[in-house]
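Here is a short tour of a protein model, written to be read with the structure open beside you. Take a moment to find your way around before reading on.

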Amino acid sequence: KANIPGPNKRISEAYLLVRLFFNRVRSMIESSNHEFVDSDDGPYVLMIALGVDAVALKRSVVELEETHPLGSFIDLDVFDEPKASLSRTDLGYPLRTCYLCDRDAHDCIRNQRHDLKDLLKVVKSAVENHLSDVTLTCINEAIIMELDLDEKFGLVTKTSSGSHEDMDYALMVKAKDAILPFFKELFELGYRSSSPGNLLEKARPIGIRAEQAMFDVTKGINCYKGIIFLVGLITISFGRVLRRNEPVSMIFSNVETIAFEIMDDFKQKDGSFGIRAYHEHGIEGIRGEAKRGLPSVKNAYELIRNERVLTTQHLRALLKELIITADDTVLLKRARTLENYYGIKEQMKNLDTRERSQVEAFTKKAIEMNLSFGGAADLMVATIFIHLIRTRLF
């Protein structure tokens with residue numbers, strides 16, 4: 001149960017805390033059943049633990065309360081039927097301390113030493129900061145997982161620059177590190193928003209600064225412009241999902257709402273290849289993907305949603321699916337003609353990603369033809385990111 005001060009125990013942070021620690025405890029024990037209760041005294045979860053010594057379990061959850069960044073704001077009680085709740089002090093642990101002054105927490109409550117606004121401010125700030133940190137960690141891991149996948153059809157890997165003579169692994173890592181801090185701003189934008197209506201416009205300046213930070217370290221080479229846009233939208237949406245206690249599936253519909261006016265970009269005549277691809281061939285690329293609520297990502301995600309750990313085979317199958325199904329203006333530009341573009345997609349359908357020899361042969365061919373599946377790679381990172389946040393926070 002969330003440890004929330006004051007009479008209103010049903011603030012959004014309470015639901016976030018209960019969800020977060022429920023997942024942590026569930027990973028520690030085998031549970032035959034659980035029940036989520038949304039009471040007037042706040043949300044809580046009851047779990048039945050099987051085959052676990054109650055004292056050992058209590059020690060484990062006390063350790064979690066003591067070491068987790070948000071441990072001060074959760075109560076993890078263990079009942080050893082038919083006995084009452086096991087006490088921290090009975091097991092030799094000290095009483096819990098106040099998260100404002102480090103005195104005995106119950107003493108501070110009894111004597112009302114602190115203003116309720118100050119206490120709630122600490123809780124809200126700590127929860128937001130932790131969720132922001134988890135989000136950045138997941139984005140970082142998603143980018144690295146894509147980058148570390150080798151034999152990748154002309155994309156940059158640890159051992160090859162693929163079809164990108166101006167890029168290598170070290171440069172991609174530099175670009176990643178340069179853009180990561182801006183996703184914290186995007187998360188906060190979504191988490192703190194009251195309405196999704198103008199979020200895209202508010203996000204644009206953050207995205208522009210992220211691009212400039214990337215270009216500064218890459219000397220003008222575009223490594224992750226698509227990631228800034230695509231994962232940025234998902235990060236904003238994810239912030240809203242958490243704050244509003246929505247299911248993870250709402251990420252997709254939120255992106256669709258946020259990106260409602262994104263196709264207005266095609267009214268511009270800036271001469272970019274993406275704009276020309278739309279006007280000449282009707283291929284909308286990453287903007288169309290956002291406008292429709294990331295359908296390619298949603299479908300690809302179904303391939304891995306039940307996997308706890310993503311293997312090389314999972315990742316290659318994921319990339320193949322996105323290459324086949326998604327509009328990729330990066331590939332279209334390298335393929336030169338629409339006929340070649342769709343021909344390459346057809347060839348990919350016949351590729352068995354489980355067969356190393358086929359993967360190596362197709363990668364060699366892609367490099368010889370100077371092909372790049374950069375758009376699909378960006379969508380792959382987005383799919384992995386959603387998978388990581390779901391397994392850790394939902």
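## A threonine at a helix end

Which backbone oxygen lies 2.8 Å from a polar atom of the side chain of T325? The backbone oxygen belongs to E321. Please keep in mind that this is a predicted model.

T325 itself is placed in helix α12, which covers residues 312-325. Leaving aside residues up to four places away in sequence, T325 touches S296 and K345. For a sense of scale, R103 is 222 residues from T325 in sequence, and their C-alpha atoms are 58 Å apart in space.

## Helix α6

Now turn to helix α6, residues 199-218. At 1.5 Å a residue, its 20 residues should span 28 Å, and the end C-alpha atoms are 28 Å apart, so the two values agree. Along the way, α6 bends by about 25° at P205.

Several residues of α6 are buried, among them L199, L200, A203, I206 and G207. Further along, A210, A213, M214 and T218 are buried too. The cover over these buried residues includes α5 (169-192), α7 (225-243) and α8 (250-258). After α6 comes K219, which has a positive phi, near 60°.

## A strand pair

Finally, have a look at strands β1 (residues 30-39) and β2 (residues 42-50), which pair in the antiparallel sense over nine bridges. A hairpin of two residues joins β1 to β2. Within this pair, E30 stands opposite L50 in β2.

Notes. Residues numbered from 1 in each chain as written. Predicted model: local features only at pLDDT ≥ 70, side-chain atom pairs only at ≥ 80, totals over all residues. Heavy atoms only, no water. Pairing = 2+ DSSP bridges. Helix = DSSP H or I, 4+ residues; strand = E, 2+ residues; numbered from the N terminus. Expected span 1.5 Å × (residues − 1). Bend = angle between axes of the 7 residues up to and from the residue. Buried < 20%, exposed > 50% of the residue type's maximum accessible area, 1.4 Å probe, protein only. Contact = heavy atoms within 4.5 Å. Polar contact = N/O pair within 3.5 Å; in protein donor to acceptor, adjacent residues only side chain to side chain.
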